[in-house]
Amino acid sequence: MSAMLNEMYTRKSSNTQLFFLIILFLWGVSIGMVSYLSIVPRVKFPVDFRWADVVYHFCAYLWLSFLPFIGFRSLLGGSISALLMIPLGIGLEFGQYFVPTRVFSITDMAANSCGVLIGIVCGLFLRSTFMSTRY
């Protein structure tokens with residue numbers, strides 16, 4: 001697996017370009033889904049337990065901040081894009097204040113931000129592990 005990822009990051013072929021485009025498309029769709037689910041009046045969780053909401057927020061923002069490190073060729077572009085997920089999470093949480101049946105929660109903001117930070121660490125680790133050359 002590592003050889004395949006390393007080859008994808010170092011080889012400049014049309015397949016590699018397609019891979020990056022697919023990842024960026026997936027990232028855009030993921031942002032759309034998280035945004036929609038953050039402002040829709042009712043969300044039913046597939047698995048419900050005491051802190052399910054916090055876990056879902058953490059995982060969603062980990063995912064949103066991890067993908068840019070794969071999709072963007074430059075480390076700076078991936079880093080800025082990942083960091084922009086923090087204001088997205090904060091803004092959507094403030095938006096929930098205006099949605100009936102939704103509740104503004106600082107705990108959810110913290111879960112979003114922690115997810116982003118862990119996603120950035122994972123993304124940086126992936127890039128440093130599998131990327132052998134700069135672009």
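Leaving aside neighbours within four places in sequence, Y61 is in contact (heavy atoms within 4.5 Å) with V34, M85, L88, G89, L92, N112, G115 and V116. The model is a predicted one, in which local features need pLDDT of at least 70 and side-chain atom pairs count only at pLDDT 80 or more, while totals for chains, interfaces and linings use all residues. Residues are numbered from 1 along each chain as its sequence is written, and side-chain values use heavy atoms, with hydrogens and water left out.

Buried here means under 20% relative accessible area, exposed means over 50%, and partly exposed lies in between (1.4 Å probe, protein chains only). Helices are DSSP runs (H or I, at least four residues), numbered from the N terminus. In soluble globular proteins, nonpolar side chains tend to be buried together.

Aromatic rings come next, and the structure holds 4 aromatic pairs. Rings of Phe, Tyr and Trp (its six-membered ring) pair if their centres lie within 6.5 Å; planes under 30 degrees apart count as stacked, over 60 as edge-to-face and the rest as tilted. One of these pairs joins W27 and F72 edge-to-face, at 5.7 Å centre to centre and 80 degrees between the planes. This pair links distant parts of the chain, 45 residues apart: W27 is in helix 2 (residues 14-39), and F72 is in the loop between helix 3 (52-71) and helix 4 (75-83). W27 is buried, at 13% relative accessible area, whereas F72 is partly exposed, at 25%. Another edge-to-face pair is formed by Y97 and F98, with 5.1 Å centre to centre and 90 degrees between the planes. Y97 is exposed, with a relative accessible area of 60%, and F98 is exposed too, at 68%.

Finally, the loop between helix 5 and helix 6 holds T101. Phi of T101 is near 70 degrees, a positive value in a residue other than glycine. Most residues other than glycine have a negative phi. T101 counts as partly exposed, at 48% relative accessibility.

Notes
Helix = DSSP H or I, 4+ residues; strand = E, 2+ residues; numbered from the N terminus.
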